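Thank you all for making time this morning.

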Amino acid sequence: MNDLNADAIVLAGTDLNLAFDGQDPGYTVVDALDVHVELLARLAGKELTLEEAGAD
């Protein structure tokens with residue numbers, strides 16, 4: 001595999017985490033589902049507002 005100097009690979013499909021659950025692919029993975037869940041939890045817990053999250 002060629003080294004393309006990527007810092008991370010984004011799994012943009014929210015169900016892709018199921019395919020890779022518990023596996024170490026050998027590179028940094030940013031799972032879009034994890035990002036969304038964390039943001040929604042912070043909004044629900046009033047730790048963050050939509051404006052602070054960058055929503056227009």
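Predicted model: local features only at pLDDT ≥ 70, side-chain atom pairs only at ≥ 80, totals over all residues.

Let me begin with Glu52, which counts as exposed because its relative accessibility is 54%, and the cut-off for that word is over 50%. Glu52 belongs to helix H3, which covers residues 50-53, and a polar atom of the Glu52 side chain lies 2.8 Å from the backbone nitrogen of Thr49.

Stepping back to the whole chain, there are 3 helices and 2 strands, and if you read along the sequence they come in the order β-α-β-α-α. Of the 56 residues, 7% count as buried. The chain exposes about 4,900 Å², and 53% of that area is supplied by carbon and sulfur atoms.

What follows H2? The residue to look at there is Lys46, whose phi is positive, near 60 degrees, although Lys46 is not a glycine. Lys46 sits in the loop between H2 and H3, and it counts as exposed because its relative accessibility is 75%.

Let me turn next to charge pairing. In general, side chains of opposite charge can pair when their charged atoms come close. A search of the whole structure finds 1 salt bridge, and it is the one in which the side chains of Glu47 and Arg42 meet, at 3.9 Å from N to O. For those who like to know how close a call that is, the cut-off for a salt bridge is within 4 Å. The two partners fall in separate accessibility classes: Glu47 is exposed, with a relative accessible area of 57%, whereas Arg42, at 32%, counts as partly exposed.

Finally, which residues make the nonpolar surface patch? They are Ile9, Tyr27 and Val29, and together they give a patch of about 230 Å². Val29 is part of strand E2, residues 29-31, and because its relative accessibility is 34%, Val29 counts as partly exposed.

To gather this up, then, I have taken you from the Glu52 contact with the Thr49 backbone nitrogen, by way of Lys46 in the loop between H2 and H3 and the salt bridge of Glu47 with Arg42, to the patch that includes Val29. I am happy to go back to any of these on the screen.

Terms used. Residues numbered from 1 in each chain as written. Heavy atoms only, no water. Patch = residues over 30% accessible without salt bridge, like charges linked within 9 Å, V, L, I, M, F, W, Y side chains within 5 Å. Areas by Shrake-Rupley, 256 points an atom, 1.4 Å probe, with all protein chains shown as cover. Helix = DSSP H or I, 4+ residues; strand = E, 2+ residues; numbered from the N terminus. Buried < 20%, exposed > 50% of the residue type's maximum accessible area, 1.4 Å probe, protein only. Polar contact = N/O pair within 3.5 Å; in protein donor to acceptor, adjacent residues only side chain to side chain.
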